[in-house]
Amino acid sequence: MREQYPRSIDQIFPTTVMRYDLNKHPHYNRMLDVVNKTKTDWHAIMKDAESTYDESTGNRWLDKLGLAEFKETLQDCVQDYCLTYGLPELSIGNSWMNRVGVGGAVKSHRHEVSVLSGAFYPIADKGSTPLIFKSPLQVYKMFEYTAQETFYNAAMMETPCEQGSLILFPSWLEHYTEDNTTNNRVTISFNTNYRK
Amino acid sequence: MATGIFTGAKVKGLFPTNIMKFKLFDHYDHWDTIMNLLLDAEQTEKSILEGPGQTSFIEDWDKRSFVLDQFPDLKSLILSCCTNFCFVNSIENVIIDDSWYSIMHKGSKVQRHRHENSVWSGTLYINAPEGSHGLAFANPTIPHRMMERQNATNPSTTYAHLEEVETGDLLLYPSWMEHFVPTIDCDNRTTINFNTAYPVYQRQDNA
């Protein structure tokens, strides 16, 4: 029986992820200058890769001189997500930059004490390793055998890493990357919190 | 928007949960007959059913109810829908395992619960008068959302999704998904509920 009886399918409780194309931003090159001058260092969450993230500092990469307009656009995207998702207004809080080359990866993590998080790729060689989200439902599914993986039963979903793209996702959604295969994969990441 | 740089954001709803509703009213002729039989059927102690009503559900694994075995045509109809559900969701085929009826009257409700040791579960509405409600499913992502100020109107963040039904509707849903019946406002809301299993796990004496 495939279509014998009238039926409907409700896809309930999805996790909202939004993607923006910022390639045509008028201040893209200025932002790239700052990226290229930024010094990164070892961090525990990175495998064979580096980050500006430092637990002893405020991590305010997006507040560097010359990035105000770009940060304002990221803030607009955050507000757009809030309107779509039904959240109160959020402000970008801490922000940092990751630099990953061949063989580098980001270990699985989530962003505690943040509502919404963002990953923007100012530089990403074609074929850079995607961002992978883990299903928050997997913990419940101890009684299911899947015949084949589909969008509806996947334990993980990946979103491509494309230069100029911004991805916004709930901070609680666990994510990671596999080993990268390109020379240049740079991410600007940020967290948010309520404006009031 | 202050800068208006971006347009046409792509929105993706990841990791949704599928629930399916089959409209079987016109595909079966004995809804009233079954309801009358169930009104006189054997009852067990009500557990999660609160208020006026009756059920054949029993907690004891060895004494479980198999009420659908009394209605082979109906069971066959349901099984074909289960097969379709498995196909759509790309999971291995299941068989119907235990099944029980519930009859609820005005002011009754069913506590929040899930169906352990089952793959998919189903509820068939033998009689669903106005005011009977279907099932309310609890949002399984809520435990993750401690940083979010909830917005009950958004499908991603709402606490529960209420699926309304009519007589002859069959709801199929993952057994792990917690659900409940809000207080109803009618009499004789009658359902047959069931669990499913992979054939290798089916109870030997229910072959």
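Strands here are DSSP runs of E with at least two residues, numbered from the N terminus. This is a predicted model: local features need pLDDT of at least 70, side-chain atom pairs count only at pLDDT 80 or more, and totals for chains, interfaces and linings use all residues. Residues are numbered from 1 along each chain as its sequence is written, chains are lettered from A and ligands numbered from 1 in the order written, and side-chain values use heavy atoms, without hydrogens and water.

Q: What makes strand 13 of chain A stand out in the lining of the second largest pocket?
A: Strand 13 gives the largest share, four residues. A:Arg185 lies in this strand, which spans residues 185–194.

Q: Why is A:Arg185 said to have no salt bridge?
A: A salt bridge needs a side-chain nitrogen of Lys or Arg within 4 Å of a carboxyl oxygen of Asp or Glu. The nearest side chain of opposite charge, A:Asp125, is 10 Å away, so no salt bridge is counted.

Q: What makes the pair A:Arg185 and A:Thr187 a polar contact?
A: The limit for a pair of N or O atoms is within 3.5 Å, with one able to donate a hydrogen and the other to accept it; residues adjacent in sequence count only if both atoms are side-chain atoms. These two side chains meet at 3.5 Å. The side chain of A:Arg185 also reaches the backbone oxygen of A:Thr129 at 2.8 Å.

Conventions:
Buried < 20%, exposed > 50% of the residue type's maximum accessible area, 1.4 Å probe, protein only. Lys, Arg positive; Asp, Glu negative; His and termini not counted.
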